[in-house]
Structures are given as structure tokens and as C-alpha cells.
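Here's a quick briefing to read with the structure open beside you. We'll go from the overall layout to a pocket and then to a couple of individual residues.

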Amino acid sequence: MCGTVLVLPPPRHRSSEAAHIRARGDGGPDVVENLLCLCPNCHTRFDAGALVLTDGLMIFDTVTGKLGEKITLHRWHFIDPRYVRHHRHRWTASGPAPLASAPKLAEH
């Protein structure tokens with residue numbers, strides 16, 4: 001989401017985290033179509049609803065109310081839109097005031 005690459009000493013070299021789009025505790029499966037590869041900060045923000053995705057996979061910051069860039073996907077990585085919609089609905093259905101300024105999240 002942010003483009004940050006965590007560089008570590010060998011043998012790991014780089015680090016990222018697998019974030020479930022629809023949380024496992026909320027019925028989300030442990031499949032590639034339900035995962036994002038994120039830095040620890042974006043993972044925490046995504047899990048807390050500070051970041052959600054539009055249907056077009058653009059990043060929406062629910063704290064600032066700003067629509068950001070489209071996420072970068074590997075050419076073989078397919079994300080199931082059902083998981084994206086579930087995550088977004090969980091955090092925006094009765095969310096704070098900034099969300100009212102972005103009623104067209106599903107259209108982007």
C-alpha cells in the first residue's frame with residue numbers, strides 16, 4: 001500500500017506481513033485471494049479500518065477521508081472483491097464522519 005520495503009540483515013533480507021482482507025476471525029479464509037502483502041504499519045492500519053480498499057483497489061484513508069493510489073499487485077495475484085467489500089463494509093457501515101465524504105468508494 002505504501003511502497004515501503006523493510007530491508008533486514010541476512011538471512012531474511014526483506015520483511016513484509018500477510019494481511020487477511022476478510023479477517024480469519026470474521027470468517028475469512030486463509031487463501032491468496034484474501035491476502036495482501038503489507039508493511040507492519042499498513043497492516044496495523046488496515047486491520048483497524050484506517051485503510052480500506054475500493055472495488056477498484058484504490059486505497060481510502062478513513063482517518064483523513066482521502067482517496068489514494070491503486071494498490072500494486074503482482075501480475076499473478078488475484079484479489080476476490082467479496083473480501084474487499086466485506087472489509088470495507090465492516091469499517092465504513094457505521095464509521096466516523098470522514099467516511100461520509102466518500103460515498104462512492106465502490107465505484108472507484
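## The quick tour

Of the 108 residues in the protein, 31% are buried. Keep in mind that this is a predicted model. Two helices and seven strands make up the secondary structure.

**Overall layout**

- Starting at the N terminus, the elements come in the order β-β-β-β-α-β-β-β-α.
- Take the contacts between residues at least 6 apart in sequence: 49% of them join residues at least 24 apart.
- The protein exposes about 6900 Å², and carbon and sulfur atoms account for 55% of that area.

**The largest pocket**

- The largest pocket comes out at a volume of about 460 Å³.
- It is lined by 20 residues, and the ones closest to its centre are M1, G3, C37, L38 and T72.
- Two or more lining residues come from each of β2 (14-15) and β4 (35-38).
- Which element gives the most to the lining of the largest pocket? That's β4, with three residues.
- Sorted by class, the lining has eleven nonpolar, seven polar and two charged residues.

**A look at D61**

- You'll find D61 in strand β6, which covers residues 58-61.
- Is D61 buried or exposed? Its relative accessibility is 15%, so D61 counts as buried, given that the cut-off for buried is under 20%.
- The side chain of D61 makes a polar contact of 2.8 Å with the side chain of R45.
- If you skip its neighbours within four places in sequence, D61 is in contact with R45, A50, L51 and K66.

**A look at A48**

- A48 sits in the loop between α1 (40-47) and β5 (51-53).
- Why does A48 count as partly exposed? Its relative accessibility is 47%, and partly exposed covers what falls between the buried limit of under 20% and the exposed limit of over 50%.
- Along the chain, A48 and W91 are 43 residues apart, yet their C-alpha atoms are separated by 8.2 Å.

- For A48, it's a partly exposed residue in a loop, with its C-alpha atom 8.2 Å from that of W91.

Key:
Residues are numbered from 1 along each chain as its sequence is written. This is a predicted model: local features need pLDDT of at least 70, side-chain atom pairs count only at pLDDT 80 or more; totals for chains, interfaces and linings use all residues. Side-chain values use heavy atoms; hydrogens and water are left out. Helices (H or I, at least four residues) and strands (E, at least two) are DSSP runs, numbered from the N terminus. Buried means under 20% relative accessible area, exposed over 50%, partly exposed in between (1.4 Å probe, protein chains only). A polar contact is a pair of N or O atoms within 3.5 Å; within protein, one must be able to donate a hydrogen and the other to accept it, and residues adjacent in sequence count only if both atoms are side-chain atoms. Contact means heavy atoms within 4.5 Å. On a 1 Å grid over the protein atoms alone, a cavity is a set of points where a 1.4 Å probe fits but cannot get out, and a pocket is an open set with protein on both sides within 12 Å along at least five of seven lines; lining residues have an atom within 4 Å of a point. Grid points are joined across faces, edges and corners, and a volume is the space filled by probe spheres set on the points. Ala, Val, Leu, Ile, Met, Phe, Trp, Tyr, Cys and Pro count as nonpolar, Asp, Glu, Lys and Arg as charged, and the others, Gly among them, as polar. Accessible areas come from the Shrake-Rupley method with a 1.4 Å probe; for residues, only the protein chains shown count as cover.
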